[in-house]
Amino acid sequence: MSIIRKWSSKQQRALEILIRLKRLYPNATCTLNYETPVQLLVATILSAQCTDERVNQVTPLLFGRFPDAVKMATADLAELETLVRSTGFYRNKAKNIQAACRMIIEKFGGKVPKTMEQLLELPGVARKTANVVLAHAYGINQGVTVDTHVKRLSNRLGLTEHADPIRIERDLIRLLPQPDWENWSIRLIYHGRAVCTARNPKCGACVLADLCPAANLPQIDAGVEENKSSGIVPAAKR
């Protein structure tokens with residue numbers, strides 16, 4: 001099979017997966033609670049290596065004390081650290097949040113930027129955070145958000161062979177229509193939490209099983225040597 005035909009077949013499968021995910025999770029949306037673009041930015045920074053549920057427990061008090069970029073930028077750093085402590089890596093997160101808010105005030109006129117290039121200038125902001133902010137604060141689908149769920153499922157579904165989030169994003173951008181880039185990520189995250197879990201995926205109950213090269217394996221995260229004979233690319237270790 002030529003590379004072009006192989007990619008076309010993969011794209012058709014990706015579109016069918018998208019259709020089924022839309023049916024399964026019709027109302028899927030960002031699960032972080034926020035009222036403004038800067039609050040979404042802060043919540044997304046806090047969500048790194050932390051659950052959205054935990055972040056949503058932290059942000060009411062945090063945003064009550066420091067509701068905007070000005071308040072965040074001038075907050076006592078020790079207090080900021082205390083408020084975000086339970087999200088993990090709290091010192092680094094608090095430092096980045098404050099530095100990002102200062103840059104927003106000093107360089108971007110107090111408003112969260114609307115371009116990928118400018119968002120990536122902010123401390124603590126990589127493409128994942130930037131994609132979330134652009135899509136949900138401004139309705140701009142600049143790319144595909146790749147978190148641990150999207151990374152795991154994209155590999156299991158055979159839509160990418162990469163472990164690097166940027167290379168995974170490039171593959172997914174080639175396969176999916178731009179208007180669906182962000183809702184793809186959201187729905188895949190839902191599916192990763194509910195069905196295609198890291199350790200014990202529920203392949204027997206999965207509506208994507210017939211489209212998934214990794215379905216029905218006795219051990220989804222088996223080593224490369226064990227899977228060579230089947231031609232299946234194992235999910236990257238998390």
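**Reading the model step by step**

A: The model is a predicted one.

Q: How many helices and strands does the protein contain?

A: One lists the secondary-structure elements in sequence order. The protein has twelve helices and zero strands, and its pattern along the sequence reads α-α-α-α-α-α-α-α-α-α-α-α.

Q: What share of the residues is buried, and what share of the contacts joins residues 24 or more positions apart?

A: Burial is judged by relative accessible area, with under 20% counting as buried. Of the 238 residues in the protein, 48% fall in that class. Among contacts with a separation of 6 or more, 59% link residues 24 or more positions apart.

Q: At what angle do α2 and α8 pack, and how far apart are their axes?

A: A helix pair is described by the angle and distance between the axes. Helix α2 (residues 37-46) packs against helix α8 (residues 127-138) at an angle of about 150°, with the axes 10 Å apart. The two helices are therefore roughly antiparallel, since angles over 145 degrees receive that description. Their crossing is right-handed.

Q: Why is helix α9 described as largely enclosed by the rest of the structure?

A: In α9 (residues 148-156), eight of the nine residues are buried, so the helix is largely enclosed by the rest of the structure. The buried residues are His149, Val150, Lys151, Arg152, Leu153, Ser154, Asn155 and Arg156. Their cover includes α10 (165-175) and α11 (181-194).

Q: Is threonine 59 buried or exposed, and what does it contact beyond its sequence neighbours?

A: For a single residue, one takes location, accessibility and contacts in turn. Threonine 59 is placed in helix α3 (residues 52-65). Its relative accessibility is 3%, so threonine 59 counts as buried. Setting aside neighbours within four places in sequence, threonine 59 is in contact with Asn33, Ala43, Leu46 and Gly64.

Q: Where is valine 207 placed, and what is its relative accessible area?

A: Valine 207 is in the loop between α11 and α12 (224-227). With a relative accessible area of 36%, valine 207 is partly exposed. Leaving aside neighbours within four places in sequence, valine 207 contacts Arg20 and Leu24.

Q: Is leucine 208 buried or exposed, and which residues does it touch?

A: Again one reads location, then accessibility, then contacts. Leucine 208 lies in the loop between α11 and α12. Its relative accessibility is 1%, so leucine 208 counts as buried, whereas valine 207 is partly exposed. Not counting residues up to four places away in sequence, leucine 208 touches Ile17, Arg20, Leu21, Leu157 and His191. The C-alpha atoms of leucine 208 and cysteine 196, twelve residues apart along the chain, are separated by 9.8 Å.

Note on methods
Residues numbered from 1 in each chain as written. Predicted model: local features only at pLDDT ≥ 70, side-chain atom pairs only at ≥ 80, totals over all residues. Heavy atoms only, no water. Helix = DSSP H or I, 4+ residues; strand = E, 2+ residues; numbered from the N terminus. Buried < 20%, exposed > 50% of the residue type's maximum accessible area, 1.4 Å probe, protein only. Contact = heavy atoms within 4.5 Å. Axes fitted to C-alpha atoms, helices over the stretch in contact; angles between N-to-C directions. Parallel < 35°, antiparallel > 145°, perpendicular 65-115°, else oblique. Left-handed = near helix turned anticlockwise from the far one by under 90°.
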